[in-house]
Every structure is written in C-alpha cells, then in structure tokens.
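Here is a short briefing on one protein model. Keep the structure open beside the text and find each residue as you read.

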Amino acid sequence: MSKEKMSDLQALVEANLASVLPDKDGYNDVLVDAMAYSLLSGGKRLRPVLALAACEAVGGKREDALLSACAIECIHSYSLIHDDLPGMDDDELRRGKLTNHMVYGVGMAILAGDGLQTQAFEAISRHWLAQNNPETGLRVLSELATGAGNGGMVVGQAQDLLSEGKQIDDVTMKYIHAHKTGALITASVRIGAIIGGADEKTLETLKSPMTFSMWSATPPCSASLLAVMKKMPRPPIQSSTALRRHAKWQLPNATARRLCFGICRGIRTCSITLLSTFSNVKNKTTTRI
C-alpha cells in the first residue's frame, strides 16, 4: 500500500469517525464529550485503514466498509482509555495530550471506554440491518468480538498485567503482543475482506496474519528492531507495561520510543506488508501468510 493511498484512507476515516458517536440528549453530554475526546484525538487509524484496504483488495468498495472500519477504531480507542487508567498502565499523556481520566476523572473515563465499546457493536448492527444484510453484519460482529474479546485483545491485556513484576520468556511476550495488539489487527483485515466479498479460502489465508512473526528476521521490520533492542540496557522487568515505564523514566526519549513501541510497530508494519502480498487476491489467488 502506497503512502498516498494510506493517507487517503486515513483522511476518509478521520472525516467519518464522529458519525459513529451517539447524539447528545442533555443527559449524556459529558459522556459523549469524553468518548469524543479520545476517539477524535488523532493517530494513525491503522486498523480502519487496514479494513478499508482489505475490502478493496478483494474487489469490494471502501464505502461499504467505512462504517464498520470506524467502529473498529471505537474499540481501539476504548482499549487505550482503559489501558491508561491508574489500575492499568497509569499514564498521564497519550499522543501528547492528557489521558482521558486526567481530564474527565477515572469513573467517567471507564464509562467513556464502555460507551465506545458498546457503540461499536450498536453502530455495526444498525448499519447492516439498515442495509438489509444481517448475515454480513453478524459475521462482522463475530470477527470484532473475537479480536477484541476474551480470546484476543482482552486476554492479551490480562496476561500483560499478570506478567508485571516478573521475568517472562519470549513465548509469553509473543503471546501478549499477538493478542493485545495483533488480534484486533487480524480482525480488522478479515472484516474488510468479509465486507468485500472474499471467499472462504481467502479468509482462511487471513485467519492469523500475526503468525507473520516479528520475532524472526524475516519481516522487514524485525532486523532493525532487534538490533536496537540488543543495544539497550536490559530492564529488570519484561512485561510491556514495565518496559514502557522503564523507558519513560530511565532512557533518552528517542531510544525509549524505539524500545517501548517497537514491538507494536513491528506487528503493524507486518500487517501493512500483509496487504501488499495480499493484493493478488483481486486475481482470485491466495497468498500463504
């Protein structure tokens, strides 16, 4: 996917994100403001972009996947709100702005995350019912629940919390990032492909793109990432939460960014590479991932 196309899709998502938020009614005004504060705060919009690109890659129209793509970003935004809470990563800044709970308080931040999560499912279900296509809607909802739920993002976060303060092996670290970050990315690609009309063979090919492992030297992102990490002083705690905190307080800013976000960035880069290799699907061929 070219930079121009990615920028085009990012702009499309950005222009339509607010449409998935609920209307204010005088009672929910603060809640909606808190939801909008995080949802509309910028970012790469990678997950919805992947959904739109995957839809086009299998011969669909990006407009058909736009609402569902924006709903995926609601899920991602809710996860960031909760991830920043004092009981989780306890972060005060996100993308250069105060985190949600620093502005609206812990209680309202929790509710804003809850609101974004449920709004995603409500928006998708209403959209596909209105399109008189409940079957596609159910498949999209199922993919999203799988990627975001107890077998995906949530269990990855849970394992991250359980690993805090412990020395963990590479297998556990892979598990955390494949689920906490990778599962929703997988769901995004598959959702776009489902909406675009991909056949079952193609969808099976896309079932686990995160097995395109960032931990080997094969992906283009891995060599530079591992080279950087090998030069780093090794922190005593190896969960992702602890790595972020270690880098935040112990390492220079540029180095901290590479160490703390390199893992997730690596997975994301591999996802974009996936779409490039997947482009042959337009010609009804599949690519082993």
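The model is predicted. Its largest nonpolar core has 54 residues. The structure also holds twelve salt bridges, while a search of the whole structure finds zero disulfides.

**The nonpolar core**

- Ile75, Leu116 and Leu144 have the most contacts inside the largest core.
- Seen by element, those giving two or more residues to this core are helices H1 (3-16), H2 (29-39), H3 (46-57), H4 (62-83), H6 (106-130), H7 (134-148) and H9 (170-195).
- H4 supplies the largest share of the core, eleven residues.
- Take Leu144 as an example: leaving aside neighbours within four places in sequence, Leu144 is in contact with Ile72, Ile75, Ala120, Phe121, Ile124, Leu184 and Ile191.

**Helix H2**

- Which residues of H2 are buried? They are Val32, Ala34, Met35, Ala36, Tyr37, Ser38 and Leu39.
- The buried residues of H2 pack against H4, strand S2 (97-98), H5 and H6.
- Asp33 is partly exposed, because its relative accessibility is 30% and the buried class needs a value under 20%.

**A glycine in helix H9**

- Gly192 is located in helix H9.
- Gly192 counts as buried because its relative accessibility is 0%.
- Not counting residues up to four places away in sequence, Gly192 touches Ala51, Ala54 and Cys55.
- Gly192 and Val58 are 134 residues apart in sequence, yet their C-alpha atoms are 8.8 Å apart in space.

**Cysteines without disulfides**

- The whole structure has zero disulfides.
- Cys70 is in no disulfide, and its nearest cysteine sulfur is that of Cys74, 7.6 Å away.
- Cys74 is in no disulfide either, and its nearest cysteine sulfur is that of Cys70.
- Why is there no disulfide between Cys70 and Cys74? Their sulfurs are 7.6 Å apart, and a disulfide needs the two sulfur atoms within 2.5 Å.
- Cys70 is buried, at 1% relative accessibility, and Cys74 is buried, at 0%.

**Salt bridges**

- Asp33 and Lys24 meet through their side chains in a salt bridge of 2.6 Å, N to O.
- Lys24 counts as partly exposed, at 48% relative accessibility.
- Glu73 and Arg45 form a salt bridge of 2.9 Å, N to O.
- This pair links distant parts of the chain: Glu73 is in helix H4, and Arg45 is in the loop between H2 and H3, 28 residues apart.
- Are Glu73 and Arg45 buried or exposed? Both are buried.
- Arg139 forms a salt bridge with Glu200, and their closest N and O atoms are 3.1 Å apart.
- Arg139 is partly exposed, at 30% relative accessible area, whereas Glu200 is exposed, at 55%.

**A nonpolar surface patch**

- Which residues make the nonpolar surface patch of about 350 Å²? They are Leu93, Leu98, Met102 and Val103.
- Val103 belongs to helix H5 (residues 100-104).
- Val103 counts as partly exposed, at 38% relative accessibility.

Definitions and conventions. Residues numbered from 1 in each chain as written. Predicted model: local features only at pLDDT ≥ 70, side-chain atom pairs only at ≥ 80, totals over all residues. Heavy atoms only, no water. Patch = residues over 30% accessible without salt bridge, like charges linked within 9 Å, V, L, I, M, F, W, Y side chains within 5 Å. Areas by Shrake-Rupley, 256 points an atom, 1.4 Å probe, with all protein chains shown as cover. Salt bridge = Lys/Arg side-chain N within 4 Å of Asp/Glu carboxyl O. Helix = DSSP H or I, 4+ residues; strand = E, 2+ residues; numbered from the N terminus. Buried < 20%, exposed > 50% of the residue type's maximum accessible area, 1.4 Å probe, protein only. Core = buried A, V, L, I, M, F, W, Y, C linked by side-chain atoms within 4.5 Å. Contact = heavy atoms within 4.5 Å.
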